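Dear colleague,

Please find below the structure that I am handing over to you.

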Amino acid sequence: MTNPVSSRYDFAYFFDITDGNPNGDPDAGNLPRIDAETGQGLVTDVCLKRKIRNYVGLAHGEQPPYEIYVKERAVLNRQHDRAWQKVDPKATKDKDKLPKDEKKARELTAWMCGNFFDVRAFGAVMTTEVNCGQVRGPVQFGIARSLHPIVAQEHAVTRCAVTNERDLEKERTIGRKFTVPYALYRVHGYVNPNLAGDPNGTGFSESDLSLFRQALDQMFESDKSAARANMRPVACIAFRHESRLGNARADKLFSRVLCTARQGVQPLPGAENGDGDGRPPRSFGDYELTVDEQDLPSGVTIEHWIDWR
Amino acid sequence: MSIKLHVWGDFACFTRPEMKVERVSYDVISPSAARGLVEAVYWKPQIRWQVTSLHVIKPIRFTSLRRNEVASKAPSGSIAKAMKNGRGSLGLYIEDDRQQRAATILRDVSYVIEARFDILSGEENVAKHLDQFNRRARDGRCFQRPYLGCREFAADFALVEDDHAMPSVDPELMGERDLGYMLHDIDFAHDMTPHFFRAVMRDGVIEVPPLTGKGVKS
């Protein structure tokens with residue numbers, strides 16, 4: 001493993017969707033996820049991580065060291081028994097027993113980290129009997145939330161064919177789709193060098209980080225589908241800390257990234273004129289995104305991973 | 001000798017061990033999770049943190065979240081085999097191996113954790129550790145991003161330096177509330193035995209007995 005990341009990053013990532021369903025809720029018949037109390041839309045952390053995995057799997061053709069451990073059929077070009085990079089063949093003789101020996105277990109873990117991008121970035125659980133068979137990855141995502149409350153629209157769609165012989169006289173079947181007309185989502189994420197570097201770190205490297213940044217920028221491109229045709233990244237503002245432990249409180253840094261509704265657009269929940277009237281947002285142009293770059297705490301620099309201007 | 005750390009976040013899930021499949025959170029943060037939060041800021045093998053009390057600042061509100069999760073774990077046997085042979089197919093196919101799990105989680109939480117530490121080994125230099133913790137917490141430095149029960153629910157934190165900075169408890173939490181038996185912590189020294197205690201919240205404050213103290217059952 002070369003060159004593990006050495007600084008802490010806290011990043012705020014914005015993405016939007018037009019006339020689509022960014023993340024369906026299995027408990028609500030695939031309606032877009034919604035925070036029942038505020039009406040804001042939600043996109044889960046695991047949904048975003050799935051897209052990153054798919055992108056990396058596509059970009060690197062599932063070859064080590066960029067293999068993907070948790071895969072989806074759709075992106076998979078399955079190659080059985082592909083030759084792996086040979087590693088030190090000091091693995092267990094007894095194949096059906098778990099390595100009780102910590103050193104061996106650690107070797108397995110290190111090997112997995114070396115081959116699989118998603119294990120290196122997000123971690124993975126590998127057997128519970130071995131204490132170090134669990135890897136915590138340096139990259140951590142929260143749950144994305146839309147700025148405005150969302151309104152899910154339900155569309156009935158018809159299909160001019162039927163599935164079963166017995167429905168032949170019906171001629172048509174009806175399906176349902178849900179879309180959000182427009183929503184801008186914000187999510188916070190963290191990259192923690194202490195889980196990358198350490199002797200027991202995953203080895204998540206600087207080049208892995210730039211691949212991760214590329215994924216944030218490109219992942220919706222390879223994820224087009226009927227349910228979410230128009231999803232795109234809008235902005236990603238990262239705070240880089242000089243120190244491995246960080247140089248400032250993350251919440252204070254995130255409060256420098258302000259996204260407000262423009263004049264004439266319905267004010268955001270919690271804004272001063274929160275009950276004011278206005279038209280609902282229909283594009284990113286209805287928002288104003290500002291980053292306060294003045295008087296940053298010492299040791300903190302701002303990087304625009306994805307620039308919205 | 002003791003510290004106060006204010007932690008808050010949008011969501012939290014302190015999973016009840018008896019409801020682990022469809023996760024259901026305890027009403028409040030458990031001492032074990034609180035210890036983890038403090039350790040995420042500062043910990044050394046020479047010390048052991050002990051949570052002494054938990055202040056619940058905001059009303060208890062639940063919400064539910066259903067997600068697709070992978071059902072299985074990676075078998076170390078087949079990894080070892082692939083290493084040895086230099087070949088193998090190790091990926092997990094999420095469609096073949098999916099379970100949908102709902103989690104009943106807390107939303108919009110805020111706590112103040114009071115904790116102290118014992119020195120297990122090394123020099124008896126309490127001030128050194130205390131200073132390091134306070135410096136880190138004051139500047140927002142941490143070894144890893146603290147979280148509220150699960151890593152996707154990241155926590156923000158701030159040091160409570162004196163009583164002026166103590167956030168006030170929501171009036172809804174006033175009075176006495178019995179929260180039933182709750183996980184205190186896991187005793188890693190003795191074969192990972194879980195210990196439980198009777199959590200009673202008085203005016204938003206839960207006093208936590210020491211792990212070996214009275215009323216703690218394993």
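Chain B contains three helices and nine strands, helices (H or I, at least four residues) and strands (E, at least two) being DSSP runs numbered from the N terminus. From the N terminus on, their order is β-α-β-β-α-β-β-α-β-β-β-β. The C-alpha trace of chain B spans about 60 × 45 × 35 Å along its principal axes.

This is a predicted model, in which local features need pLDDT of at least 70 and side-chain atom pairs count only at pLDDT 80 or more, while totals for chains, interfaces and linings use all residues. Residues are numbered from 1 along each chain as its sequence is written, chains are lettered from A and ligands numbered from 1 in the order in which they are written, and side-chain values use heavy atoms, with hydrogens and water left out.

I turn now to the interface. In chain B, 52 residues are in contact with 66 residues of chain A, contact meaning heavy atoms within 4.5 Å. The area buried between the two chains is about 5200 Å², and carbon and sulfur atoms give 54% of that area; buried area is the accessible area (1.4 Å probe) that two parts lose on being put together, summed over both. Met83(B), Tyr93(B) and Arg151(B) supply 15% of the area that chain B buries against chain A, more than any other three residues.

Five salt bridges are counted between chain B and chain A (a side-chain nitrogen of Lys or Arg within 4 Å of a carboxyl oxygen of Asp or Glu). In one salt bridge, the side chains of Arg107(B) and Glu37(A) meet at 2.2 Å, N to O. Among the elements that give two or more residues to the side of chain B that touches chain A are strand E1 (2-12), helix H2 (76-85) and strand E5 (98-119) of chain B. H2(B) provides the largest share of that side, nine residues.

The chains also meet through strand pairing. Strand E5 (residues 70-71) of chain A pairs with E4(B) in the parallel sense over two bridges; strands pair if DSSP finds at least two bridges between them. Leu92(B), in E4(B), is the bridge partner of Val70(A).

Over all chains, the structure holds 18 aromatic pairs, that is, rings of Phe, Tyr and Trp (its six-membered ring) with centres within 6.5 Å; planes under 30 degrees apart count as stacked, over 60 as edge-to-face and the rest as tilted. Tyr182(A) and Tyr287(A) form a tilted pair, 6.5 Å centre to centre with 35 degrees between the planes.

Yours sincerely
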